[in-house]
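My entries follow the order in which I checked them.

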Amino acid sequence: MEDKKNGLQAIYDDFECAAAPYKVEAACAKGCSFCCSDAGSIHITTLEGLVIRDRINRLPRPRQKAVYKKLAVDMKQREREKPSACPLLMKNRACMIYDVRPFACRRIYSLAVCSRNRHPMLNRQVIAQGDEAIRALQQLDDSGYSGHLSYILHMLDTPVFLKAYLAGEYHPEAVMAFGKSHGIIINRVIGQVAENLKPRSPAADGDSQSSQ
Ligand code: SF4
């Protein structure tokens, strides 16, 4: 799992490097928390969830309890399809887990100041780089899942699930009911679909035929 956590950081760093020239023009400023307070689905992988969970569990006990309470409220709100600010956004509008925030947050910036009627504006190239990084994150976490932050943290807080996940076991049938009702993605299946959709050049086809 440690190797995978390092792999996670490498994907974040590669993206940061590739997106840096575009982010120079960003209108984002310290204290702006538009993306966090008017948060849509904050999609994370189970591996990212594990890192975030470790961080939450290192907080002082009362703070930890407050965060888990907020996560439970967020889960209920979203199950009712009601808007909900990120449970990790603090009163001073800062992110409680900034250095381990998930990729969904790292990829967002805006070329113009956001408002209720103006959502973040990104360069097209960065959107494509971000989509590529998500594929890499799902490939890296190929025995895991992806979904909204509080749903994934809820799964990791289920002892049977956590034990199987940490052991690298892959039992998608065990999370089928929760997964279906909460829009959880099976990373391995998404990876296979993406692989099958990849354009194949005639040369590549020839290579694979000749190797059979
Ligand atoms: S995890 Fe942090 S950066 Fe991401 S939405 Fe929540 S408060 Fe904002």
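The entries below go from the overall layout to single residues.

**Ground rules.** I am working with a predicted model, in which local features need pLDDT of at least 70 and side-chain atom pairs count only at pLDDT 80 or more, while totals for chains, interfaces and linings use all residues. I number residues from 1 along each chain as its sequence is written.

**Layout.** I looked up the secondary structure, taking helices (H or I, at least four residues) and strands (E, at least two) as DSSP runs numbered from the N terminus, and found eleven helices and three strands. Along the sequence the order reads α-α-β-α-α-α-α-β-α-α-α-β-α-α. For burial I counted other C-beta atoms, placed from the backbone, within 10 Å of a residue's own: 20 or more is buried, 12 or fewer exposed, and in between partly exposed. On that count 24% of the 212 residues are buried. I called two residues in contact if their C-beta atoms, placed from the backbone, lie within 7 Å; of the contacts between residues at least 6 apart in sequence, 77% join residues at least 24 apart.

**Helix H7.** I then asked why helix H7 (residues 149-156) is largely enclosed by the rest of the structure.

**Phenylalanine 161.** This residue lies in helix H8 and is partly exposed, because it has 19 other C-beta atoms within 10 Å. Beyond neighbours within four places in sequence, phenylalanine 161 is in contact with Met155, Leu156 and Val175. Its C-alpha atom is separated by 8.3 Å from that of alanine 174, 13 residues apart along the chain.

**Ligand shell.** Taking a residue as near when its C-beta atom, placed from the backbone, lies within 6 Å, I found ten residues around the ligand, of which Cys36, Cys86, Leu89, Cys95 and Cys105 come nearest. The shell has nine nonpolar, no polar and one charged residues, where Ala, Val, Leu, Ile, Met, Phe, Trp, Tyr, Cys and Pro count as nonpolar, Asp, Glu, Lys and Arg as charged, and the others, Gly among them, as polar.

**Positive phi.** Glutamate 81, in the loop between H4 and helix H5 (103-106), has phi near 60°, a positive value in a residue other than glycine. Glutamate 81 counts as exposed, because it has 6 C-beta neighbours inside 10 Å. Arginine 93, in the loop between H4 and H5, has phi near 70° and counts as partly exposed, with 13 C-beta neighbours inside 10 Å.
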